[in-house]
Amino acid sequence: MAKENVMPAVQKKSPFGKLKGQSLIVLLVIIGLFIFFCIMSPSFRRYTTIISILDYSYYIALMAIGVAFPLMTGGVDLSIGTGLICYSLVGGWLIQVHGMPVGVGLAACILFGLVMGAINGVLVSFMELPPFLATLCTMMVNRGLGSVIAGRAISWPVAAAPGGWFRNIFKITVGKTLIPIGFLWVILLVILMSFVLNHTKIGRYTLAIGSNKEATRLSGVNVKFYHLFAYVISGFFAGLAAISYSAIFATVQPGTGAGFEMEAIGGAIIGGVSATGGAGSIVGTLFGVFVFCLLKTGLPFIGLQANWQQIITGLVLIGAVLIDIIKKKKGNA
Amino acid sequence: MRKKIVVTLLSAAMVATMVAGCGSKEAADTSADAATEEAAPEESADAEESTDAATAGGDYHFEVVVKSFQSSYWQAALVGMDQAKEELGITYNATGPNAESDIADQVNMLNNAINSAPNGIALAACDQGAVLDSLQTALDKQIPVVCFDTSVPDAPEGSVLSTVVTDNGAAGALAGEKIYEAVKDQIASATAPVRIGEVNQDATSANISERGMGFINKVIELAKADGKTVAVVGNDFFVGQVEDNAAEADADIILEVAVPAQTTVELCSTEASKIMNEADTIAIFGSNQTAAEGVLTANQNLNVLGADGTIVGAGFDAGATIKAAVSDGTFIGAVTQSPLVMGKKALETLTQICNGETVEENIPTDGYWYDATTMTDADIAPNLYD
């Protein structure tokens with residue numbers, strides 16, 4: 001009886017059809033941008049450019065899939081950007097300085113992500129700190145911790161070196177052609193997490209907490225646990241993002257990573273995750289991330305200088321959000 | 001209610017503690033790490049020479065403000081400072097912002113350093129304009145400042161007593177010379193304009209802009225000598241400094257200069273990708289460790305550098321990634337500075353100032369070109385930090 005009170009409310013707030021419509025708009029924006037860049041720049045029309053866009057998208061996409069869960073509870077996780085760099089520095093430090101196998105470094109990334117996610121979850125769920133404040137603190141902890149532990153820029157093994165096999169997780173070379181298999185993993189994770197969101201207790205309760213936390217609690221749901229779990233998911237995906245970052249980029253620099261989380265959060269919100277919680281789509285999140293990545297890669301190709309790139313990115317994002325709001329208003333009318 | 005107040009106060013305390021502890025603790029720890037891991041082989045000939053000039057230090061305490069701890073370049077500088085510390089019996093505390101683009105953070109750190117009233121300050125400024133007021137304050141408080149790595153040309157008179165820097169213009173020109181030499185025949189036989197790229201991580205610090213312009217001016221000079229015209233395009237800051245810039249339509253060589261929005265490898269690699277994707281690109285230069293690593297990251301997909309590729313690449317500074325690229329021929333070579341010597345000389349010079357000795361206004365340190373065959377040479381190997 002009690003549960004029945006919650007579930008219909010969630011269903012009403014996030015019917016799949018409605019989100020699909022929004023995802024469709026974002027998809028059309030992606031296609032539009034891609035065509036625009038192809039027309040404007042001959043050098044953009046290359047297979048390697050697509051590989052580059054995908055390369056730069058993995059870590060943001062993985063962070064975005066994870067952070068969508070705290071966002072859907074009505075919270076946020078700001079610690080994922082500096083967390084990614086911290087986990088990658090720690091993993092690389094174990095390999096480079098302590099001579100441990102690459103597998104240990106990869107496991108360390110995920111383990112650190114899970115631990116930091118759990119800490120965030122405890123701070124938000126059990127100690128009732130505002131999510132913004134709690135994750136702002138852990139964001140700063142991550143930023144310093146990576147630098148303190150690693151002490152310097154860290155290079156994970158290059159592709160040709162022993163242990164370089166992990167770089168093939170995201171990209172393999174068949175003959176002379178690069179195959180971006182990382183995209184396949186991202187798609188599989190999107191399908192998996194869409195299923196988790198829409199068809200498991202974890203997902204449904206995540207949305208229910210974001211929709212009305214008190215009503216969910218009164219329905220007999222262990223709100224504290226599921227609230228915490230949303231942050232653990234976010235931490236886990238930040239760990240995966242750390243692996244993808246280490247596999248794509250040659251060096252991991254201490255002190256960086258601040259701002260990465262905004263691209264992931266921005267991507268999730270453009271893709272239909274409600275900033276106030278209670279609604280969201282993982283597929284839409286992926287699309288939202290690609291809007292960012294396309295702009296990031298495409299704007300230099302049309303000769304736009306750095307500062308203009310940021311202005312245009314901001315304006316396009318405002319546009320994308322406005323389209324969503326207008327569409328919602330029309331839908332409600 | 002009371003619970004909420006306690007939680008809020010605790011959170012505020014936590015944030016305040018972390019903000020306060022962030023910079024200096026990190027710096028101290030990193031310098032300690034760097035010292036234990038990298039000190040051993042770094043007794044270069046230059047470093048030994050420089051100690052002869054220095055005098056015993058007494059109990060002086062210096063504050064050191066570096067650009068960041070982003071790249072291993074700064075760790076090498078701290079190794080040099082640790083050597084000075086041991087040899088002269090001085091103490092120092094190193095701080096620096098999280099990234100070289102965090103200009104305001106660095107100014108705050110510099111102000112804190114001034115407020116702690118040390119015997120002297122060694123500064124590597126992220127932005128040559130942003131530190132002017134702070135330098136005036138240091139002058140008012142009679143705290144001597146030595147700039148290292150990067151000069152501050154407009155510093156208030158008497159505030160910066162000495163500047164220990166690589167001749168960045170000459171170092172950039174050295175890279176320009178080597179790259180031009182490698183593509184000279186291609187330029188001579190080209191029937192259509194060719195493109196040479198340059199990726200600079202920023203357009204705000206003196207060393208990067210001097211280096212970038214050194215490269216550009218050298219390429220223009222060599223091309224003119226061969227009867228070719230060069231059009232410099234791209235970033236307005238660099239293009240604006242070129243005298244007699246040719247029109248792009250008339251040029252034999254297009255020199256494209258790219259600067260990313262932030263000083264990160266991924267943004268440098270996006271800018272590098274754009275240039276390396278152009279069909280007419282024959283060479284590319286990354287003007288510091290971050291920019292050069294950006295070029296190498298872009299090359300992972302494009303695979304256009306090296307003996308089998310179509311583009312000649314060169315870098316700047318060292319680090320494991322760039323060293324590997326030079327060693328396997330992906331880069332024809334790179335220019336390395338002497339961060340270790342620079343760090344050491346900065347503290348030695350401060351000690352000399354405190355001892356009342358007169359010091360040189362400009363203390364140049366060397367930049368060296370290295371390639372796969374010269375990486376182990378005695379004057380180069382000590383500066384090739386990981």
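A nonpolar core here is a set of buried Ala, Val, Leu, Ile, Met, Phe, Trp, Tyr and Cys residues joined through C-beta atoms within 7 Å, where buried means that 20 or more other C-beta atoms, placed from the backbone, lie within 10 Å of a residue's own. The largest such core has 210 residues, and Met63(A) and Leu84(A) have the most contacts inside it. At least three of its residues come from each of domain 1 (2-166 + 339-365) and domain 2 (168-336) of chain B, with the bounds taken from an automatic or database domain assignment.

Keep in mind that this is a predicted model, in which local features need pLDDT of at least 70, side-chain atom pairs count only at pLDDT 80 or more, and totals for chains, interfaces and linings use all residues. Residues are numbered from 1 along each chain as its sequence is written, with chains lettered from A and ligands numbered from 1 in the order in which they are written.

Let's zoom in on Met63(A). Leaving aside neighbours within four places in sequence, its contacts include Ile80(A), Leu84(A), Phe237(A) and Phe260(A); a contact means C-beta atoms, placed from the backbone, within 7 Å.

Now over to chain B and its sheet. Helices (H or I, at least four residues) and strands (E, at least two) are DSSP runs, numbered from the N terminus, and two strands pair if DSSP finds at least two bridges between them. Seven strands make an open sheet in the order S7-S8-S6-S9-S10-S11-S13 (chain B), with mixed pairing. S7 (230-234) and S13 (368-370) of chain B sit at the edges with a single partner strand each, so one side of each has no neighbour in the sheet. From one strand to the next, the twist averages 20°.

Inside that sheet, S6 (194-199) and S8 (253-258) of chain B run parallel, joined by six bridges. Val199(B) stands opposite Ala258(B) in S8(B). Helix H6 (168-189) of chain B lies across several strands, S6, S8 and S10 (312-316) among them, and runs at about 175° to S10(B); axes are lines fitted to C-alpha atoms, for helices over the stretch in contact, and angles run from 0 to 180 degrees between N-to-C directions.

Finally, the two chains meet through 42 residues from chain B and 41 residues from chain A. On the chain B side, elements giving two or more residues include H1 (2-38), H3 (72-88) and H9 (265-276). The largest share, eleven residues, comes from H1(B).

Conventions: A residue is buried if 20 or more other C-beta atoms lie within 10 Å of its own, exposed if 12 or fewer, and partly exposed in between; C-beta atoms are placed from the backbone.
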